[in-house]
Amino acid sequence: MEPGETFLETAVRETFEETGLIVEQLKLFGLYSGKEGFSEYQNGDKVFSVQIIFHSSCFSGEFTHNTEESHEHRFFPRSNLPHLNSHQERFIKDWVNQMTLPVIK
């Protein structure tokens, strides 16, 4: 988040920066925290992240590839997902399992 930015503004900006897509009509999917959010960065910093996840089916634009944070973008059906990043796996699996929203973990 940038100083003064709302959660929604951050989600819209980050989505555009990382994918090239402009998202609208975001809905809260879930709030994720706890031990599953643990990460250790290359510089040795250790954090427990809080993730605020939004969902949208309303978007425009075209995928931007090979940014600093992203190398490839594709859409996948729930039934045929690729290997999942462990830091994102739990909310993607909640989406696959069509959990009652909002998910709070």
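Helices (H or I, at least four residues) and strands (E, at least two) are DSSP runs, numbered from the N terminus. Helix H1, residues 7–19, is one such run, and Thr10 has its place there. The model is predicted: local features need pLDDT of at least 70, side-chain atom pairs count only at pLDDT 80 or more, and totals for chains, interfaces and linings use all residues. Residues are numbered from 1 along each chain as its sequence is written, and side-chain values use heavy atoms, with hydrogens and water left out.

**Overall layout**

The protein has two helices and seven strands. From the N terminus on, their order is α-β-β-β-β-β-β-α-β. The C-alpha atoms fill a box of roughly 35 × 30 × 30 Å along the principal axes. Of the 105 residues, 22% count as buried. Buried means under 20% relative accessible area, exposed means over 50%, and partly exposed lies in between (1.4 Å probe, protein chains only). A contact means heavy atoms within 4.5 Å. Among contacts with a separation of 6 or more, 58% join residues 24 or more positions apart.

| Residue | Relative accessible area | Class |
|---|---|---|
| Thr10 | 11% | buried |
| Phe38 | 38% | partly exposed |
| Phe48 | 56% | exposed |

Thr10 touches Met1 and Glu5, not counting residues up to four places away in sequence.

**The sheet and its helix**

Two strands pair if DSSP finds at least two bridges between them. Three strands form an open sheet in the order S5-S2-S7, with mixed pairing. Strands S5 (51–55) and S7 (103–104) stand at the edges with a single partner strand each, so one side of each has no neighbour in the sheet. Strand S2 (residues 27–32) pairs with S5 in the antiparallel sense, over five bridges. Lys27 stands opposite His55 in S5. Helix H2 (residues 89–96) packs on this sheet and touches S2, S5 and S7. The direction of H2 makes about 135 degrees with that of S2. Here axes are lines fitted to C-alpha atoms, for helices over the stretch in contact, and angles run from 0 to 180 degrees between N-to-C directions.

**The core**

A nonpolar core is a set of buried Ala, Val, Leu, Ile, Met, Phe, Trp, Tyr and Cys residues joined through side-chain atoms within 4.5 Å. The largest one has five residues: Phe29, Tyr32, Ile53, Phe91 and Val103. Leaving aside neighbours within four places in sequence, Phe91 contacts Phe29, Tyr32, Gln51 and Ile53.

Strand S1 (residues 21–24) pairs with strand S6 (residues 58–61) in the antiparallel sense, over four bridges. Ile22 has Ser60 in S6 as its bridge partner. The covered face of S1 holds Leu21 and Val23, while Ile22 and Glu24 lie on the uncovered one.

**Aromatic rings**

Rings of Phe, Tyr and Trp (its six-membered ring) pair if their centres lie within 6.5 Å; planes under 30 degrees apart count as stacked, over 60 as edge-to-face and the rest as tilted. The whole structure holds four aromatic pairs. Phe38 and Phe48 form a tilted one, at 5.2 Å centre to centre with 55 degrees between the planes. Phe38 lies in strand S3 (residues 38–40) and Phe48 in strand S4 (residues 46–48), so the pair ties together parts 10 residues apart in sequence. Phe59, Phe63 and Phe75 form one aromatic cluster.
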